[in-house]
Amino acid sequence: MPEEPGSGVLQLLRQSNLMEGDPLQPRSMRITHSGFAFLLQDINAQIWTLLLQYLEHSTALEMDPVDVLHFLFMLGSLELGQDYSTSMLTDTQHIMLEDLRDYGIVFQRKAKSRRFYPTRLATSLTSGTTALLSNLNSSASMNPGDQSSQGYIILETNYRLYAYTNSPLQIAILNLFVSLKSRFENLVQGIITRDSVRNALSNGITAEQIIYYISSNAHAQMRTNVSSFKGTFSL
C-alpha cells in the first residue's frame with residue numbers, strides 16, 4: 001500500500017491552493033480547480049510552482065530567503081547519484097533538507113544521515129524541462145519496458161486515444177479529460193468527447209492545457225503529426 005504524503009507536503013499543497021482540507025487529516029484533502037490545472041503542467045513547472053510557494057512560506061518562518069534560493073540553485077548544479085555532506089549546510093539549509101526530502105528533491109538513507117543525494121528533480125531545477133526529459137529518457141532506454149517516462153499517447157483524428165502506460169498517475173490525469181473505455185496491462189483506451197472536455201473545463205482545465213499535455217506526451221509515432229493534431233482539436 002503506498003505511503004500517504006507527510007503533513008508538510010500536504011500543508012504546502014494547501015498553501016499553494018492545489019488542495020483543500022485539513023493537512024492533519026490526509027483523507028479529508030481534496031484537489032482544487034487549480035490542482036487539476038497543475039497536473040497538466042510539465043514537471044519543471046510543477047516543481048517551481050511548489051518551490052516558489054515554499055520560498056514565500058519560508059519568510060513567515062523567519063528563514064533567510066536568500067539562503068533558501070542559494071540552496072535550491074546549488075542543488076540544481078549537483079551531480080545525480082553523487083553523495084554530499086551535510087556538514088557545510090547552514091541551519092536554514094538543514095531545515096530545508098528535511099522538507100526537500102519529503103518533496104522528493106533530495107534523498108537520505110536515514111533521517112539523521114550526514115550525507116544526502118540530489119534526485120533527478122533536484123538536478124532539473126536549473127537545467128529546464130528538456131534536460132529532465134533527457135535524463136528520464138536515458139533511464140527509459142535502459143529499461144525499454146517502462147513507458148512512464150517516454151511519449152506514450154496516440155490520438156486519432158476521430159478523438160480516440162490510446163495511452164501506452166500502466167502508471168496510476170498518468171491514467172488519473174488522462175481521466176480528467178478523456179472518457180476511458182478499457183484498460184489492459186500496459187494500455188488504456190478512451191475517447192475525448194464534448195462531455196469529457198466540459199468536465200475538464202468545469203474543473204478549471206483549459207483546452208490549451210489539454211492540447212499542451214497531449215503534445216508534450218505524444219508517442220514517437222505521433223510527434224510528426226503534432227501540428228496537424230493541434231489543428232483538428234476543435235471540440
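This note goes through the helices, strands and selected residues of a predicted model.

1. Overall content. The chain holds twelve helices and nine strands. It has 235 residues, of which 40% count as buried. Among contacts with a separation of 6 or more, 50% are between residues 24 or more positions apart.

2. Helix α1, buried face. Helix α1 covers residues 7-15, and Val9, Leu10, Leu12 and Leu13 in this helix are buried. Viewed along the axis of α1, the buried residues keep within an arc of 160 degrees, so they line one face of the helix.

3. Helix α1 against α3. Two packed helices are described by the angle between their axes and the distance between the axes. For α1 and α3 the angle is about 95 degrees, and the axes are 10 Å apart. That angle makes α1 roughly perpendicular to α3, because values of 65 to 115 degrees are put in that class. On the α1 side the contact involves Leu12, Leu13 and Gln15; on the α3 side it involves Leu50, Gln53, Tyr54 and His57. Sorted by class, the contact of α1 with α3 has four nonpolar residues, three polar residues and no charged residues. Leu12 and Leu13 are also among the buried residues of α1.

4. Asn17 follows α1 and has a positive phi, near 60 degrees. Asn17 is also one of the residues in contact with Thr32; leaving aside neighbours of Thr32 within four places in sequence, the others are Leu18, Met19 and Glu20. Thr32 itself sits in the loop between β2 (30-31) and α2 (33-39). Is Thr32 buried or exposed? Thr32 is buried, because its relative accessible area is 8% and the cut-off for buried is under 20%.

5. Gln46. This residue is located in helix α3, the helix that packs against α1. The relative accessibility of Gln46 is 18%, so Gln46 counts as buried. With neighbours within four places in sequence set aside, Gln46 is in contact with Phe38, Leu39 and Gln41.

6. Pairing around β5. Strand β5 (residues 115-118) pairs with strand β3 (residues 84-85) in the antiparallel sense, over two bridges. In this pairing Ser85 has Arg115 of β5 as its bridge partner. Strand β4 (residues 106-107) also pairs with β5 in the antiparallel sense, again over two bridges. Here the bridge partner of Phe107 is Tyr117 in β5.

7. Strands of a sheet pair through backbone hydrogen bonds, either parallel or antiparallel. In this model, an open sheet of four strands runs in the order β6-β7-β9-β8, with antiparallel pairing. Which strands stand at the edges? They are β6 (153-155) and β8; each has a single partner strand, so one side of each is left without a neighbour in the sheet. On average, neighbouring strands of this sheet are turned by 20 degrees against each other, direction ignored.

8. Bridges across that sheet. Strand β7 (residues 160-163) then pairs with β9 in the antiparallel sense over four bridges. Strand β8 (residues 179-183) is likewise antiparallel to β9, with four bridges between them. A hairpin through four residues joins β8 to β9.

9. Strand β9 and Val188. Which residue of β9 is the bridge partner of Ala163? That partner is Val188. Val188 in β9 is also the bridge partner of Arg183. From β9 (residues 188-191), Val188 and Gly190 point one way, whereas Gln189 and Ile191 point the other way. All of these β9 residues are buried.

Methods:
Residues are numbered from 1 along each chain as its sequence is written. This is a predicted model: local features need pLDDT of at least 70, side-chain atom pairs count only at pLDDT 80 or more; totals for chains, interfaces and linings use all residues. Side-chain values use heavy atoms; hydrogens and water are left out. Buried means under 20% relative accessible area, exposed over 50%, partly exposed in between (1.4 Å probe, protein chains only). Two strands pair if DSSP finds at least two bridges between them. Contact means heavy atoms within 4.5 Å. The arc is that of the directions from the helix axis to the C-beta atoms. Axes are lines fitted to C-alpha atoms, for helices over the stretch in contact, and angles run from 0 to 180 degrees between N-to-C directions. Angles under 35 degrees count as roughly parallel, over 145 as roughly antiparallel, 65 to 115 as roughly perpendicular and the rest as oblique. Ala, Val, Leu, Ile, Met, Phe, Trp, Tyr, Cys and Pro count as nonpolar, Asp, Glu, Lys and Arg as charged, and the others, Gly among them, as polar.
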